[in-house]
Amino acid sequence: MRVAAAFVLAQAAIAWAASQPLPAAVGADFPALVEFSQARFRFLLVHLYDASLWTSAARWAPGDVFALDIRYARGVSGRQLAARSIEEMRRQGHADEALLARWERAMLRVFPDVAPGERLVGVNVPGLEARFYGARGFLGAIDEPGFARAFFDIWLDERTSQPGLRRELLKLPR
């Protein structure tokens with residue numbers, strides 16, 4: 001009975017998290033975005049975050065405006081977020097250490113510490129920048145060439161370290 005109750009509560013939490021609109025600042029800047037998909041990320045059975053992908057078209061395309069909304073179940077520092085992002089970019093083949101260092105400095109300027117229950121939203125603005133939003137609105141943009149693609153590839157490229165999460169976010173067949 002307890003297992004069933006826990007399952008029902010977990011499903012309700014997923015449904016509630018998935019039904020949350022984008023923060024007002026994102027909606028104001030990108031009113032055409034609608035939720036495309038959602039996924040839950042766990043590591044060793046520990047719930048770390050829920051993610052949803054927002055698009056302005058019926059399907060996702062890397063060259064379009066889209067948003068990746070991450071709702072954190074655990075607290076994490078901005079420094080940890082930047083370091084992990086760089087680690088994943090390296091893993092995907094980015095090897096220019098001077099460029100990676102510049103990207104990391106840019107992320108450290110933008111990424112805040114995140115408490116459990118808070119969210120960060122990254123918006124891909126093709127050919128221009130990656131914009132980031134938090135609980136208090138716009139956090140900043142990173143307009144370094146290649147950064148937006150490398151950053152969002154962490155979740156959306158076929159070289160991701162989390163192919164199951166990617167499959168759910170992109171609605172790919174199993």
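Q: Two strands pair if DSSP finds at least two bridges between them; over how many bridges do strand β3 and strand β4 pair?
A: This is a predicted model, in which local features need pLDDT of at least 70, side-chain atom pairs count only at pLDDT 80 or more, and totals for chains, interfaces and linings use all residues. Residues are numbered from 1 along each chain as its sequence is written, and side-chain values use heavy atoms, with hydrogens and water left out. β3 (residues 66-72) and β4 (residues 119-125) pair in the antiparallel sense, and F66 stands opposite N124 in β4. The number of bridges between β3 and β4 is six.

Q: What pattern does the protein follow along the sequence?
A: Helices (H or I, at least four residues) and strands (E, at least two) are DSSP runs, numbered from the N terminus. The protein has six helices and six strands. Read along the sequence, they give the pattern α-α-β-β-β-α-α-β-β-β-α-α.

Q: Which strands stand at the edges of the sheet?
A: The six strands form an open sheet in the order β1-β2-β3-β4-β5-β6, with antiparallel pairing. Two of these strands have a single partner strand each, so one side of each is left without a neighbour in the sheet. These edge strands are β1 (34-43) and β6 (137-142).

Q: What angle does the direction of helix α6 make with that of β1?
A: Axes are lines fitted to C-alpha atoms, for helices over the stretch in contact (heavy atoms within 4.5 Å), and angles run from 0 to 180 degrees between N-to-C directions. The twist of the sheet averages 20° from one strand to the next. Helix α6 (residues 163-170) packs on the sheet, touching β1, β2 (46-55) and β3. The direction of α6 makes with that of β1 an angle of about 165°.

Q: How many residues of β4 are buried?
A: Buried means under 20% relative accessible area, exposed over 50%, and partly exposed in between (1.4 Å probe, protein chains only). Both faces of β4 are covered, with R119, V121, V123 and V125 on one side and L120, G122 and N124 on the other. The number of buried residues in β4 is seven of its seven.

Q: Which residue in β5 is the bridge partner of V123?
A: β4 and β5 pair in the antiparallel sense over five bridges. Their hairpin has three residues between the strands, and G127 takes a positive phi near 70° there. The partner of V123 in β5 is R131.

Q: Which elements do the buried residues of α4 pack against?
A: Helix α4 (residues 97-110) has 14 residues and reaches 20 Å from its first C-alpha to its last, close to the 20 Å expected at 1.5 Å a residue, a span taken as 1.5 Å times one less than the number of residues. The buried residues of α4 are L99, L100, W103, A106, M107 and V110, and they cover an arc of only 120° around the axis, which puts them on the same side of α4. On the other side, A98 and R109 are exposed. The buried residues pack against α3 (78-91), β5 (129-134), β6 and α5 (147-156).

Q: Is L44 buried or exposed?
A: Phi of L44 is near 50°, a positive value in a residue other than glycine. Most residues other than glycine have a negative phi. L44 lies in the loop between β1 and β2. Its relative accessibility is 70%, so L44 counts as exposed.

Q: What is the relative accessible area of K171?
A: K171 is found in the segment after α6, and its phi is near 55°, a positive value. K171 is exposed, with a relative accessible area of 54%.

Technical notes. Pairing = 2+ DSSP bridges. Arc of directions from axis to C-beta.
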